[in-house]
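The exercises below are meant to be worked through with the sequence and the structure in view. Try each task before reading its solution.

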Amino acid sequence: MISITTSNMNGIRAAARKNLGSWIDGHTPDVWCMQEVRAPQDALDPILDDIAVRYAASGAADGPAGLHRVNEVCRVKGRAGVALLSSLPVVATRRGLPGLDEDVDSGRWIEADIRTPEGYVITVCCVYVHAGNADDETKMAQKYRFLDHMLVRLGQLRDEAASGGRQAVLCGDFNIAHTPLDIRNAKGNVKHAGFLPAERAYVDRWLDEYEFVDVMRDLAGDIQGPYTWWSQRGRAFDNNVGWRLDYQFATPELAETARGFVIDKAPSYEARWSDHAPLTITYAV
């Protein structure tokens, strides 16, 4: 069994000042995909060093050097940024989506080919999709451009998996609630970014045309939620008025090995270290 966690950090420096350390002391996934790290490399490295020490202390990694890391900092200061940590061997890494050269598109996609204990190699992609803004044409154009380039890479990953090559899983904050089951107030958000029909149609294509599996939904079934993000405003967290924005989309053969999931919602608003909750899925690869 291997565990893969995806979590939007909402700024890793802010998370480290809150309860992130305590969470790590109780959670050491084999692979951890982080989004919205929002830190320059010189600020990120000491935090990742501390995480590596905590992994080693728990026995989840063979010393601090046993926690492998790859990250991409966004070229726009204070924006995006993704990181991937793995206590399993990393045999290759790739950064960015080919064809996306604008600064605003950086720090949003990294890949690691990871060797499982049984000797299989799987591709793990850590993804952060633009949030967008329905009232801002420029921001929506950026989001759709990123999603269009994603389709090219998804097709390549699908074809490789289907031909007997590496299976793949996309982990991240996709900033799209796919169906009314993934958002508490669907009717009130149909004109808001994150629940626009044009955005949701991309997820339809990932599942239908590109044959990826929404692993958490496949495990949970057709129930309302559970959600992974709650607005900081009002009492959205306390009243569970949330959105499911964080996903793991896997190629079919890998998805079939999924055995369970956990959305680790904090016990209280004050105990949160991000406005997102980590999503962890276990796979019997």
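**Exercise 1: a sheet and its strand pairs**

In this predicted model, strand 8 (residues 168–173) and strand 12 (residues 246–250) are joined by five bridges and run in the antiparallel sense.

**Exercise 2: a helix and its cover**

Examine helix 4 (residues 137–162) and work out what covers its buried residues.

*Solution.* Start with the span: the 26 residues of helix 4 reach 37 Å from the first C-alpha to the last, which is close to the 38 Å expected at 1.5 Å a residue. Then list buried residues, taking buried as under 20% relative accessible area; among them are F146, L147, M150, L151 and L154. An α-helix has 3.6 residues a turn, so residues three or four places apart point the same way. The cover over the buried residues of helix 4 includes strand 5, strand 6 (109–115), strand 7 (121–128), strand 8 and helix 5 (197–208). Last, inspect both ends: at the start, a side-chain oxygen of D136 comes within 3.0 Å of the backbone nitrogen of T138, while G164, which follows helix 4, has a positive phi near 95°.

Methods. Residues numbered from 1 in each chain as written. Predicted model: local features only at pLDDT ≥ 70, side-chain atom pairs only at ≥ 80, totals over all residues. Heavy atoms only, no water. Pairing = 2+ DSSP bridges. Helix = DSSP H or I, 4+ residues; strand = E, 2+ residues; numbered from the N terminus. Expected span 1.5 Å × (residues − 1). Buried < 20%, exposed > 50% of the residue type's maximum accessible area, 1.4 Å probe, protein only. Contact = heavy atoms within 4.5 Å. Polar contact = N/O pair within 3.5 Å; in protein donor to acceptor, adjacent residues only side chain to side chain.
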